[in-house]
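Me: I am new to this structure, and I would like to learn how to read its features one at a time. Could you take me through them slowly, beginning with the surface?

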Amino acid sequence: MKQSVEQALENMGRVYALEAAEMPVDWEDPLDVSFASPIAVKAEYVFDGKAVIFRGTIHADIQAQCGSCLKEFLYSMDIPFADAFSREPDEEEGEYGFDGEEVLLDKMILDEISLHLPVRFLCREDCKGLCPICGKDRNAGPCGCKPNGEVKKDNPFEKLKGLFD
């Protein structure tokens with residue numbers, strides 16, 4: 001995703017708007033996630049004499065799999081951000097670099113998304129997951145297995161019980 005900042009560089013202090021959406025098809029995707037829709041950026045940017053400052057929100061919809069029950073679901077993210085782009089970026093200050101009169105926002109967007117991804121996706125906060133005995137989705141209802149590990153008679157995994165003894 002590119003943004004021309006030519007006018008901002010000529011008019012220090014003047015605020016400009018940015019609204020764009022792009023599917024990250026050609027992006028190098030180190031996040032190992034699948035985006036369900038284009039990533040949308042709504043922001044304002046201004047040149048302060050040293051750097052072009054972007055402030056706004058990134059919206060991303062990710063096709064995710066629940067870490068407890070393994071169901072596929074849509075995970076939506078709205079990420080507020082404020083990042084600076086400079087021709088002589090200061091890495092310690094977290095600035096991004098740019099040349100010419102266009103800013104490439106891809107790295108900043110992917111950095112912001114990666115910083116806000118959960119360690120483990122959950123389809124809902126109270127997801128009960130799968131039964132460790134029979135494998136049934138406990139969100140759909142009780143499975144009949146007893147909490148102490150006794151298995152109901154029609155458990156298909158019962159035959160594997162003594163396999164490694």
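Reply: A surface patch is built from residues with over 30% relative accessible area and no salt bridge, where like charges are joined within 9 Å and nonpolar side chains (Val, Leu, Ile, Met, Phe, Trp, Tyr) within 5 Å. Here Phe157, Leu160, Leu163 and Phe164 make a nonpolar patch of about 500 Å². Accessible areas come from the Shrake-Rupley method with a 1.4 Å probe, and for residues only the protein chains shown count as cover. Before going on, please keep in mind that this is a predicted model, in which local features need pLDDT of at least 70 and side-chain atom pairs count only at pLDDT 80 or more, while totals for chains, interfaces and linings use all residues. Residues are numbered from 1 along each chain as its sequence is written, and side-chain values use heavy atoms, with hydrogens and water left out.

Me: Where does Leu163 lie in the chain, and is Leu163 buried or exposed?

Reply: Buried means under 20% relative accessible area, exposed means over 50%, and partly exposed is in between, with a 1.4 Å probe and protein chains only. Leu163 has a relative accessible area of 53% and is therefore exposed; its place is in the segment after helix H2 (106-116).

Me: How many helices and strands does the protein chain have?

Reply: Helices (H or I, at least four residues) and strands (E, at least two) are DSSP runs, numbered from the N terminus. The protein chain has two helices and eight strands, and along the sequence they follow the pattern β-α-β-β-β-β-β-β-β-α. Of the 165 residues in the protein chain, 37% are buried.

Me: Which residues of H2 are buried, and what covers them?

Reply: The buried residues in H2 are Asp106, Met108, Ile109, Leu110, Glu112 and Ile113. Their cover is read from contacts, a contact being heavy atoms within 4.5 Å, and includes strand E3 (34-35), strand E4 (39-47), strand E5 (52-65), strand E6 (72-86), strand E7 (96-97) and strand E8 (102-104).

Me: How should I read the largest nonpolar core, and which residues have the most contacts inside it?

Reply: In soluble globular proteins, nonpolar side chains tend to be buried together. A nonpolar core is a set of buried Ala, Val, Leu, Ile, Met, Phe, Trp, Tyr and Cys residues joined through side-chain atoms within 4.5 Å. The largest one here has 34 residues, and Phe54, Ile58, Leu105, Ile109 and Ile113 are those with the most contacts inside it. Strand E2 (16-22), E4, E5, E6 and H2 each give two or more residues to this core, with the largest share, six residues, coming from E5. As for Leu105, when neighbours within four places in sequence are left aside, Leu105 is in contact with Met1, Gln3, Leu18, Phe54 and Phe85.

Me: How many salt bridges does a search of the whole structure find?

Reply: Side chains of opposite charge can pair when their charged atoms come close. A salt bridge is a side-chain nitrogen of Lys or Arg within 4 Å of a carboxyl oxygen of Asp or Glu, and the search of the whole structure finds four. In one of them, the side chains of Lys50 and Glu95 meet at 3.1 Å, N to O. Lys50 lies in the loop between E4 and E5 and Glu95 in the loop between E6 and E7, so this pair ties together parts that are 45 residues apart in sequence. Lys50 counts as exposed, at 52% relative accessibility, whereas Glu95 is buried, with a relative accessible area of 10%.

Me: Which residue forms a salt bridge with Lys71?

Reply: The partner is Asp137, and the closest N and O atoms are 3.2 Å apart. Asp137 lies in the segment after H2 and Lys71 in the loop between E5 and E6, so the pair ties together parts that are 66 residues apart in sequence. Asp137 is buried at a relative accessible area of 14%, while Lys71, at 44%, is partly exposed.

Me: Where do Lys107 and Asp111 lie?

Reply: Both lie in helix H2, four residues apart, which is about one turn of the helix, and their side chains meet in a salt bridge (3.1 Å, N to O). Lys107 is exposed, with a relative accessible area of 52%, and Asp111 is partly exposed, with 22%.
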